[in-house]
Amino acid sequence: MSYIKSLDGIRGIAILLVLLFHSGILLVGWAGVQLFFVLSGYLITRGLIEQKNGSLREYLTGFVWRRSLRIFPLYFFFIAAVAVIFMLTTEPGSFKQDWPFLLTYTTNFGRLREIDIDPAFVHLWSLAVEEQFYLIWPLIVWALPLHTFKRVVLAFILLTPGVRLGLFHLFAEMDQEWIGRSIYCLPISQFDAFATGAAIFLWKPYEWRNAVSLAAGTIGLTTLAGAMALVYQHLCCHNAVKWSFGYPMYLMQANGFVWGYTLLNFASAALIIAAIRGGPVNLILESKPAVASGRISYGLYVYHLPMLYLLNMVPIGGWPWSLLYLAIIFGTAQLSFKYLESPFLRLKRLHSRAAEEPAAALRPAPP
């Protein structure tokens, strides 16, 4: 699968949004997770379809090998580090109840309890959703011919908003915050994000003549809908979250949980389409800071919340605190990428070589 530099820039933008959100600066920054989901849907679908030529065994083992080397080393290192800290200090206090969910990539289901996952690792719910997506998507891609797979992708995109509405009515007697959190964290509520990413590869809108206008129009529509929702919340409900740009966390206002996730997914797709097509936006996406942040975005995502809560104990504030926080999380993520992640990532080549050798043995010898 060929490398597209601007997509590292997309990762850099996504992690920046998440960091700004958890720092309390940008209340719509949680949408960076939607951008990660859509990008994953594009990249995973692209890789799976390109690897569909061999046997089912080679196809699945190759996928599991690549994903495991990318995801597991950092993740389980982090869980092990938290476990050691807990044994030494009994902090975080809820680790004793949370660890089964953390260890089994079911943190999103752990968030459906009355008491949420500990703030130090509440963000790991999104990694759990991605792993659950990986359980079914490769099999769907393998089992279906391309034209049928396209219909399934469209069905996910069109029907998932209705699923979220159905969940809202199913949970109607529960607390509103719990309802919003549960809809947000259930994998069935987020699969349209991955399907939207898959649609980018399947229909290749970045090759269309009007791709730029389509992307700009989609982002404009998302912005307009958010502004209208914000006005509605202010005039009718008097509870507008002003700096959320109409997309507050969980999207409970104005039934945003139905349409808001969809529009944010489409806006994310528009940004990815623009990045692949190339143009002025890539001056930002292919800049060194954006690409460098994208390359270490996984570490930044996993480490940023624990570091945030640790640094909240430091008796300083303002710009010195912010600079210290950025220096620590970027330094930690860079060291993690260099010494923990990269050695495992280099092992991906072993499976590629193993798959190539039998094929090479069947080729006729050169004259």
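Trp 65 sits in helix α3, which spans residues 56-89. The model is predicted. With a relative accessibility of 32%, Trp 65 is partly exposed, because that class lies between the 20% and 50% cut-offs.

Trp 65 also belongs to a nonpolar patch on the surface.

## Packing of α1 and α14

Helix α1 covers residues 5-22, and helix α14 covers residues 297-311. Their axes lie 10 Å apart. The packing angle is about 10°. Angles under 35 degrees count as roughly parallel, so α1 and α14 are roughly parallel to each other.

Which residues meet across this pair? From α1 come Arg 11, Ile 15, Val 18, Leu 19 and His 22. From α14 come Ser 297, Leu 300, Tyr 301, His 304, Leu 305 and Leu 308.

## Ile 329 in α15

Ile 329 is placed in helix α15, residues 318-345. Is Ile 329 buried or exposed? Its relative accessible area is 0%. Ile 329 is therefore buried, as the class takes values under 20%.

Leaving aside residues up to four places away in sequence, Ile 329 touches Leu 19, Leu 300, His 304 and Met 307. Among them, Leu 19 is one of the α1 residues that meet α14. Leu 300 and His 304 are on the α14 side of that contact.

Ile 272 is 57 residues from Ile 329 along the chain. The C-alpha atoms of the two are separated by 26 Å.

Conventions:
Residues are numbered from 1 along each chain as its sequence is written. This is a predicted model: local features need pLDDT of at least 70, side-chain atom pairs count only at pLDDT 80 or more; totals for chains, interfaces and linings use all residues. Side-chain values use heavy atoms; hydrogens and water are left out. Helices (H or I, at least four residues) and strands (E, at least two) are DSSP runs, numbered from the N terminus. Buried means under 20% relative accessible area, exposed over 50%, partly exposed in between (1.4 Å probe, protein chains only). Contact means heavy atoms within 4.5 Å. Patches are made of residues with over 30% relative accessible area and no salt bridge: like charges are joined within 9 Å, nonpolar side chains (Val, Leu, Ile, Met, Phe, Trp, Tyr) within 5 Å. Accessible areas come from the Shrake-Rupley method with a 1.4 Å probe; for residues, only the protein chains shown count as cover. A salt bridge is a side-chain nitrogen of Lys or Arg within 4 Å of a carboxyl oxygen of Asp or Glu. Axes are lines fitted to C-alpha atoms, for helices over the stretch in contact, and angles run from 0 to 180 degrees between N-to-C directions. Angles under 35 degrees count as roughly parallel, over 145 as roughly antiparallel, 65 to 115 as roughly perpendicular and the rest as oblique.
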